[in-house]
Amino acid sequence: MSQRKRLSNTQSSSQNKRQSSSSVTQEEDEDATFTQPSTSQVQRGLEKLTPAQVDQKTAEVVQYFLMKDQKKIPVRRADLVKYVVKDYRTIYPEIIKRAARTFEQVFGLKLVEIDPKHHMYILVNNLETATSRAAPVECPTNPKMGLLFVILSVIFMKGGTVKENLIWNTLKKLRVDPGQKHEEFGDVKKVVTDEFVRQKYLEYLRIPHTEPVEYEFRWGPRADAEVSKARILEFMGKLHEQDPRSWTQQYREAHATQNSS
Amino acid sequence: MRRSKAGGDEDTPRQNGSSGRRRAEHGDGEDAGVDSCPAGMQDEDDENDLGLRREIRSKYRDLINSVQQNREDMLSPSNNKLTEVLEEANKLFKDVRQAREAALDAQLLVVATDLGKEKASQLFYEGSAFDPTAFAEHLLSFMGLNRLEDEEDDHQNEATRDGYLPKDAWHRLAKHTEGCFSTAPSFHYMMGSFHAEPPPPKQRVERQRRVPSKEAKRIMPTQLKKMEESHQEATEKEVERILGFLKSYHQDDPSSPLSYYEFVVDPNSFSRTVENIFHFSFLIRDGLARMYLDDDKLPCVAPVEEGEMEAAGSSTRKQCIISMSPKIWKEIVETFEIRETIIPPPETQNE
């Protein structure tokens, strides 16, 4: 399907070149407001610009990502092009490639496209988490991550999909009532079903054909990219004083996904 | 198909306790309508065990509610709650006579079936099953729950409502689970907090309010001054004043003609003389005064009477120009031996 889309987007003259082009061009192909420039177009665009200009634009893109990442809301390609790349859109693939390189080499971060259809990007820590714990700088912990951990764990341990009531009931047992204002999280329901969802940690979906309406939770694409199932299982094992391997199915899933990524 | 329907029905009351109860009551209402038909026949029976009927219904409702509220606990594989509930329902069913109670029994069955289905789904797991209740309990201990009143609360089945978590409970959990997340550390500003969003536009409202009030203040006084100093008005007043003098002189002595020069010339002021001539010309123009030459060919003036006005208007008009210079003015004053003015200067100017 992506093949067909790609063909329809490109001009026939540049087709041969495109097929041999790097993965960057393949990453984003369909967007209502923006058509991916072909490699030859990029080449032509680069010839018109000085290297300093391209570096400057790349730096702006990097800054935009860092600012947006403060709230952990994914960056949409359409916004990126509209607010930052602007006139440089002909060389967009080159700029995003350079920005990704900067994140990897300078910041130790990885630029991940979590939604190839709507072209959304996030930043993920690329360094080994175990070593980053030993970092001399004490990062302030965000208690919301604890809340998120509980929800993601329950979803994972329950096989990937969970009715919302199970989540609310579990949280209630942890003294977090979605109907009441929590001193740490404020409006819990909003944090879980709005903030975590917009950050793409969670998906909050309506279960079809239910009357009255019922919702279920799943892992969002950011959780898939950021959260290690093996480590969750490890923590579970410690918590329950149980061998993580005793949860056979979860153990298999956790280690299957880890190898693939 | 059948199973999914049961699940849907069950979902209604499980949403929260109150809606479930409302549904039950609604059901009662419908059943009451059905009951009313054979009411005549069963009247005595009904009245005898009305209390029993009520008791059964209330027990059913309690049972349904308790299943809905404690659903997650009943799912836990470590207890036999579901069996207990079903046994309890079986006991109640012995006394069920009316459709109303039967409907409640059916409703309980729907709830219980869904629970059973969920319990069965737990069997699919290989190895250990995951129990969210146990998980929550472990987490509470991990976060440092203070379990003072744990034992007293045991009968409630629900996880201990008493006991409290330390303030840093969630921080503690977040810290220990950080390793599971490879979240990119977000940068923050070194010099205090700074919001990335632009501040809301606020000033615009004030600015718009201030401008019109200032302008209104500036315009008002200038308008008033203009009204009072209007040249048009001053001239009109002066013309009327002069007409008044002319009339009064004429009345004092209607037979003797009034010399024009004696009337308008002010021996003390040339400019006043010119002003008088100017103002008098309006009287002539409006036909309120007339000018004629006496036997010595000297100009004389007289007011025009009311009746005469129309006749004068129809007669052909004549125009003449009077010139006056300081030299002529002095000659006139000397020749006519004018000592004082007939038209005194207006009082406002004396002030």
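Colleague: Which helix of chain B holds B:Arg53?

Modeller: Helices (H or I, at least four residues) and strands (E, at least two) are DSSP runs, numbered from the N terminus. The one that holds B:Arg53 spans residues 50-69 of chain B and is helix H4.

Colleague: What pLDDT do local features need in this predicted model?

Modeller: Residues are numbered from 1 along each chain as its sequence is written, chains are lettered from A and ligands numbered from 1 in the order in which they are written, and side-chain values use heavy atoms, leaving out hydrogens and water. This is a predicted model in which totals for chains, interfaces and linings use all residues, side-chain atom pairs count only at pLDDT 80 or more, and local features need pLDDT of at least 70.

Colleague: Is B:Arg53 buried or exposed?

Modeller: Buried means under 20% relative accessible area, exposed over 50%, and partly exposed in between (1.4 Å probe, protein chains only). B:Arg53 has 2% relative accessibility, so this residue counts as buried.

Colleague: Which residues does B:Arg53 touch, not counting those up to four places away in sequence?

Modeller: Contact means heavy atoms within 4.5 Å. With residues up to four places away set aside, B:Arg53 touches B:Asp95, B:Val96, B:Arg97, B:Gln98 and B:Glu101.

Colleague: How many disulfides does the structure hold?

Modeller: A disulfide is a pair of cysteine sulfur atoms within 2.5 Å. B:Cys180 is buried at 4% relative accessible area, whereas B:Cys320 is exposed at 58%. Over all chains, the number of disulfides is zero.

Colleague: How much area do chain B and chain A bury between them?

Modeller: The contact takes 53 residues from chain B and 67 residues from chain A. Buried area is the accessible area (1.4 Å probe) that two parts lose on being put together, summed over both. Carbon and sulfur atoms carry 59% of it here, and the total is about 5,400 Å².

Colleague: How many residue pairs are in polar contact across the interface of chain B and chain A?

Modeller: A salt bridge is a side-chain nitrogen of Lys or Arg within 4 Å of a carboxyl oxygen of Asp or Glu, and the count between chain B and chain A is zero. A polar contact is a pair of N or O atoms within 3.5 Å; within protein, one must be able to donate a hydrogen and the other to accept it, and residues adjacent in sequence count only if both atoms are side-chain atoms. With both residues at pLDDT 80 or more, the number of pairs found across this interface is seven.

Colleague: What gives the largest share of the side of chain B that touches chain A?

Modeller: The elements that give two or more residues to that side are helices H1 (2-15), H5 (71-75), H8 (132-142) and H9 (169-177) of chain B. The largest share is nine residues, and they come from H8(B).

Colleague: Where is A:Leu123 found?

Modeller: At 1% relative accessibility, A:Leu123 counts as buried. A:Leu123 lies in residues 120-125 of chain A, which form strand E3.

Colleague: How many of the ten residues in helix H10 of chain A are buried?

Modeller: Buried residues make up 48% of the 261 residues in chain A. In H10(A), the buried residues include A:Trp168 and A:Lys173. The helix spans residues 164-173 and is mostly covered, its buried count being nine.
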